[in-house]
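Welcome, and please take a moment to look over the sequence and the structure below. The report that follows walks through a few parts of it, one at a time.

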Amino acid sequence: MKKSFVILFVGMAVIAAITITIAAQSGAKPVPRLANGKPDFTGVWDHPRVGDVAADVAGTCAGETPGCSNKGAGPLPFTPIGKTENERKDKFDYGARCLPWGYVRSYGTPYPHAYVHHPDRLAIMWEQDTRYHMVPTDGRKLPADLEPSWMGKSVGHWEGDTLVIETRGFNGRTWLDTAQHPHSDQLRLTERISRPEYGKINYEITIEDPKFYAKPMKNSRVFVLMAQGQELFEYSCNENNRCEDGKCTPSDVQK
Amino acid sequence: MIRKWLALVVLSLMVATAAYAHHSFAAEFDGTKPVKVVGKVVKVEWANPHIWLYIDGKDEVSGRTAVWGFSGGAPATLTRRGINRDFLKTGDVVTMQGFLAKDGSPNASGGSVTFPNGRSVFTNSPEDKVPGK
């Protein structure tokens with residue numbers, strides 16, 4: 001009895017050692033999990049620079065990490081009123097005046113973002129403008145009547161290991177991207193976020209705006225976990241903003 | 001050290017395409033009007049949304065002499081690239097290349113700094129228009 005126990009114990013130890021060795025050799029870190037068992041997205045993530053939601057991007061991320069991509073929406077399906085808005089020559093360049101970039105555009109900025117994840121909420125932090133956004137995932141619903149805002153209001157729920165975020169309540173004053181594609185206050189977003197590997201996030205966003213676009217538009221992106229030790233920097237847009245609309249303010253040394 | 005800088009410059013050039021930065025490059029600078037100023041560094045503003053470098057010197061393209069302001073990338077972008085706030089000091093003699101501001105003032109996008117020893121540093125956002133391209 002005692003002998004068979006020893007054999008069983010040694011056998012289990014050998015299996016455990018082999019398992020650990022294989023895991024170490026493959027180098028595959030497991031995807032971390034939240035206390036509720038769902039994938040934990042916490043980390044500093046490099047995203048593709050998406051200056052135009054219509055276009056594909058492949059290769060270097062905004063923060064110059066390799067491996068990001070975006071499958072763009074292709075030609076944008078403007079409604080007549082959306083087309084008129086898009087072709088206006090007197091668009092107000094709100095970003096050049098350090099106003100909030102807006103939700104969709106924040107994810108395409110030339111700087112990374114971070115997630116801090118909790119079972120009840122996802123905190124998104126964009127380096128651009130040092131801006132944050134909270135996504136409750138505690139089962140609450142979006143109110144029917146939302147106060148219009150620059151970044152909208154979000155709620156999230158899980159479908160398997162994919163976090164689905166719905167966002168609306170926009171003020172219509174931002175653009176979808178730096179290519180100045182407009183959206184109205186009817187904008188509704190659905191994002192699907194998953195972490196299939198330790199170092200990778202799959203991010204899909206469906207953009208619906210029946211006022212300006214005849215059909216929903218989709219972007220599929222890959223985010224890459226930044227190297228250990230990389231953190232977000234402070235970004236204070238108003239600090240030294242000098243040439244908006246091509247009219248440069250002379251600095252003290254130039255006066 | 002020089003190899004490291006060269007690698008950074010080459011990397012920067014590889015990822016550079018004329019597109020958009022904090023706001024549109026095209027809204028502020030004229031990509032058809034290059035400037036190449038040789039002079040002394042008067043001031044470095046290591047600040048968001050773009051660093052500004054001021055060079056007292058002459059533009060070799062137009063012959064115009066002024067205190068020129070050059071707009072570079074964001075401090076975060078440059079720090080991640082290994083360039084910190086001390087890379088240029090007041091009094092350094094450099095050659096600075098970029099594109100003239102649309103309003104014609106002595107300001108430009110700041111694409112690259114070349115030191116007297118030939119070392120060259122790309123200072124702009126990765127996607128801004130690169131001088132000589």
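Two strands are said to pair if DSSP finds at least two bridges between them. Keep that in mind for the hairpin of β4(B) and β5(B), where 5 residues lie between the strands and G104(B) takes a positive phi near 80°. Please also remember that this is a predicted model.

## Chain B at a glance

Let us start with the overall layout of chain B. Its secondary structure comes to 3 helices and 6 strands. If you read along the sequence, the pattern is α-α-β-β-β-α-β-β-β.

Of the 133 residues in chain B, 47% count as buried. Contacts can also be sorted by how far apart the partners are in sequence: among those in chain B between residues at least 6 apart, 58% join residues at least 24 apart.

## Strand β4 of chain B

Now have a look at β4(B), which covers residues 93-101. Is this strand largely enclosed, or is it open? A residue is buried if 20 or more other C-beta atoms lie within 10 Å of its own. In β4(B), 7 of the 9 residues are buried, so the strand is largely enclosed by the rest of the structure.

β4(B) has pairing partners that you can trace in the model. With β1(B) it pairs in the antiparallel sense over 8 bridges, and here K36(B) has Q97(B) as its bridge partner in β4(B). With β5(B), residues 107-114, the pairing is antiparallel too and runs over 6 bridges. In that pairing, F99(B) stands opposite S109(B) of β5(B).

## Where the two chains meet

How many residues of chain B are in contact with chain A? There are 35 of them, and they touch 30 residues of chain A. On the chain B side, at least two residues each come from α2 (25-28), β1 (29-45), β2 (52-59), β3 (65-71) and α3 (75-80). The most come from α3(B), which gives 5 residues.

What kinds of residues make up this side of chain B? They divide into 17 nonpolar, 10 polar and 8 charged.

## Strand β4 of chain A

Chain A has a β4 of its own, at residues 113-118, and its side chains alternate.

## A loop residue in chain A

Next, find E147(A), in the loop between β6 (131-136) and β7 (153-159) of chain A. Is E147(A) buried or exposed? The cut-off for exposed is 12 or fewer other C-beta atoms within 10 Å; E147(A) has 8, so it is exposed. E147(A) and G169(A) are 22 residues apart in sequence, and their C-alpha atoms are 6.3 Å apart in space.

## How confident is the model?

Chain A averages a pLDDT of 91, and 89% of its residues score at least 70. Over residues 19-26 of chain A, however, pLDDT stays under 50, and the model has 1 contact beyond four places in sequence for this stretch. Where pLDDT is low, the predicted coordinates should not be read in detail.

Technical notes: Residues numbered from 1 in each chain as written. Chains lettered and ligands numbered in written order. Contact = placed C-beta atoms within 7 Å. Helix = DSSP H or I, 4+ residues; strand = E, 2+ residues; numbered from the N terminus. Nonpolar A, V, L, I, M, F, W, Y, C, P; charged D, E, K, R; others polar. pLDDT = per-residue confidence, 0-100.
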